Amino acid sequence: MEKCQKIMELAKRRGFFWQSYEIYGGESGFIDYGPLGTLLKRKIEQKWVDEFVRKEGFMLIDTPVLAPSIVFEASGHTTYFTDPITTCKKCGRKWRADHLLEEQAKISGEGLSLEELDKKIKENNVHCPECKGELEPPKFFNELFKTTIGPYSENIGYGRPETAQGIFSNFKRLYELARNKLPFGVAQVGRCVRNEISPRQGPIRLRELTIMELEFFFDPENPRCDKLVEVKNEKLRILPEKLLVEGKDKPVEVTVEEALKEGYIKSEWNAYFMVKAKKFVESLGIPAEKQFFKEKLPTERAHYSTQTYDQLVELSCWGAVEVSGHAWRSNYDLKMHMVYSGEDLRVYIPYNEPKKIRKFLVKPIKKAFVESFGDEALRVMRLVNLTPENELVNSLKKNGHYDLKGDGKTYRITLNHVEVEEVYVEEKGKRFLPNVVEPSFGLDRLTYATLEYAYSEKDNRIVLRLPRNITPIEVAVFPLMTKDGLPEKAVEVYRLLIKHGFTVEYDESGSIGRRYARMDEVGTPLAITIDYQTLEDNTVTIRDRDSWKQIRVKIDNLPKTLEKYFKENVGFDDLGKL
RNA sequence: GCGGCCGUGGUCCAGCCUGGUUAAGACAGGGGCCUGCCACGCCUCUAACCCGGGUUCAAAUCCCGGCGGCCGCACCA
């Protein structure tokens with residue numbers, strides 16, 4: 001049996017996870033976490049927050065799953081999360097309508113409406129590339145989950161496909177809470193929904209998933225990472241675009257310093273977080289040599305991304321699977337939220353000395369914008385305001401126009417739209433949009449991968465070798481026999497450990513071996529047994545999940561000993577020497 | 001969505017081709033006996049044919065549709 005099947009079997013049987021709505025036949029793309037899975041998932045989340053928030057001094061927030069449509073219009077998701085799809089009438093295959101048009105008719109399908117696409121497909125005799133069949137009129141498929149908010153059917157809302165927009169839309173307030181200083185980081189862990197066309201692969205491709213992400217804001221003119229010294233000699237297994245286009249498909253191992261020098265990684269902060277990601281995934285029991293980072297090619301990249309690396313982990317049945325993404329989002333999101341909301345999201349940093357400079361003052365002429373861009377006039381004007389003046393004016397002087405790219409379109413700005421004045425001003429500081437680097441982790445995938453790497457078999461039984469600080473149950477307590485006062489003593493020990501905050505399970509059923517085996521199977525690292533010697537000298541045995549070795553400890557010392565094991569990471573063998 | 005394979009107690013599976021007793025087995029689980037440290041043994045109990053139609057005197061079995069799973073194609077910011 002494949003390892004993934006064994007994991008699925010174990011997950012169902014022992015209550016880690018299973019398919020949702022089973023009694024109604026199930027629904028693809030949704031899973032339920034059972035008692036143990038819920039504990040495991042939460043512990044991995046806590047570990048992530050500890051690493052990416054607490055240790056870094058960043059902030060953690062919690063925003064709604066649902067948002068009014070304008071949020072995702074601004075973020076670009078309503079546009080870029082949508083693809084025109086056409087179906088072949090003969091063979092049923094689905095194709096990107098705009099791609100077919102470009103390939104077969106050499107016409108750009110970008111920004112065309114469905115009717116226009118359909119018309120051009122028919123005019124140019126575009127057909128199914130596979131079977132030459134006739135094509136159906138294209139339809140939009142959008143992966144956003146749509147809903148209405150409140151009783152008004154025109155009040156459209158969407159489920160978030162990422163938690164990031166909840167951070168970007170709060171930027172003003174968060175910057176204030178960061179006491180108006182860059183850089184700073186804001187993290188969020190939460191449920192997201194994506195209406196996948198055809199989810200497969202159990203817990204790997206879900207329609208509802210939990211994402212852990214960090215948005216790190218920094219000054220693009222000061223992009224140096226001050227923590228780089230800590231990681232510059234760390235090794236990364238990396239497959240950058242440069243090598244991908246050469247046809248290479250095996251990652252190379254380089255130090256962070258080399259990766260930056262070679263230009264493989266464009267942002268120092270991205271490199272820093274990639275190292276953290278590698279170490280974090282390693283701490284879940286997934287060895288570094290089973291991970292690598294692969295750069296996304298420009299055609300695969302998200303609309304907001306300047307550079308993206310995926311962190312992949314080798315899994316038994318599904319090959320290398322993405323568990324985190326490391327995107328350099330430039331200022332895309334803040335810029336678009338600024339354009340859509342009209343709020344000034346720029347930060348202001350004063351100069352030490354005021355600077356006298358010569359610059360162009362660009363004044364948009366409202367009437368001309370309305371005439372050219374109709375409903376979009378306001379947003380286009382805001383985009384113009386965010387365009388570097390020199391770039392705009394130089395192009396206007398040279399070409400008579402400036403092609404303003406934004407919001408999925410290109411707007412042609414001409415000399416009719418603006419008044420340009422050259423002025424001398426004294427500037428006391430700079431006003432700009434911060435850049436963003438985003439490490440983003442799929443918690444469900446990590447939970448699954450953790451289970452897969454913990455899985456082992458010993459003497460025909462399953463032992464989950466989970467790292468000790470993420471196991472659902474920390475300690476088991478067993479009486480050796482169910483007589484002679486042993487269960488009573490064991491319950492006492494159980495209560496003692498519960499009182500000290502440990503997650504403990506008491507079990508007196510069946511043979512002692514069977515109870516050990518049951519706990520091994522769910523990864524419980526320590527089992528305490530109360531035997532006849534306990535009644536004499538108040539000591540108990542502690543048994544190690546991985547070695548099956550035992551040590552003997554006084555009950556009075558038990559909480560302290562366990563503390564050393566779980567919090568201070570003292571090795572099992574050394575516990576006996578305390 | 002298309003094509004291939006598949007769906008039986010909590011789990012893993014036999015039975016289906018060739019329709020017909022109380023749907024077999026293993027593991028897990030509950031209760032009991034036993035048990036001085038690794039799924040011990042014995043007794044006992046609980047527990048299943050994905051859903052809906054059709055054919056038939058009779059359907060887990062044959063047919064149709066749906067749902068779900070795996071693989072391939074497509075999709076996957």
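Me: Which base atom of RNA strand B does a polar side-chain atom of Q550 lie by, and at what distance?
Reply: A base oxygen, 2.7 Å away; a polar contact here is a pair of N or O atoms within 3.5 Å. Bear in mind that this is a predicted model, where local features need pLDDT of at least 70, side-chain atom pairs count only at pLDDT 80 or more, and totals for chains, interfaces and linings use all residues. Residues are numbered from 1 along each chain as its sequence is written, chains are lettered from A and ligands numbered from 1 in the order in which they are written, and side-chain values use heavy atoms, with hydrogens and water left out.

Me: How many residues surround RNA strand B?
Reply: 52, with E9, S28, F81, A302 and R518 the closest; near means a heavy atom within 4 Å. Sugar and phosphate make up 54% of the RNA strand B atoms that come within 4 Å of the protein.

Me: New topic: how are F216 and W269 arranged?
Reply: They form a tilted aromatic pair, 4.1 Å centre to centre with 40° between the planes. Rings of Phe, Tyr and Trp (its six-membered ring) pair if their centres lie within 6.5 Å, and planes under 30 degrees apart are stacked, over 60 edge-to-face, the rest tilted.

Me: Is F216 buried or exposed?
Reply: Buried, at 1% relative accessibility; the cut-offs are under 20% for buried, over 50% for exposed and partly exposed in between (1.4 Å probe, protein chains only). W269 is buried too, at 4%.

Terms used. A polar contact is a pair of N or O atoms within 3.5 Å; within protein, one must be able to donate a hydrogen and the other to accept it, and residues adjacent in sequence count only if both atoms are side-chain atoms.
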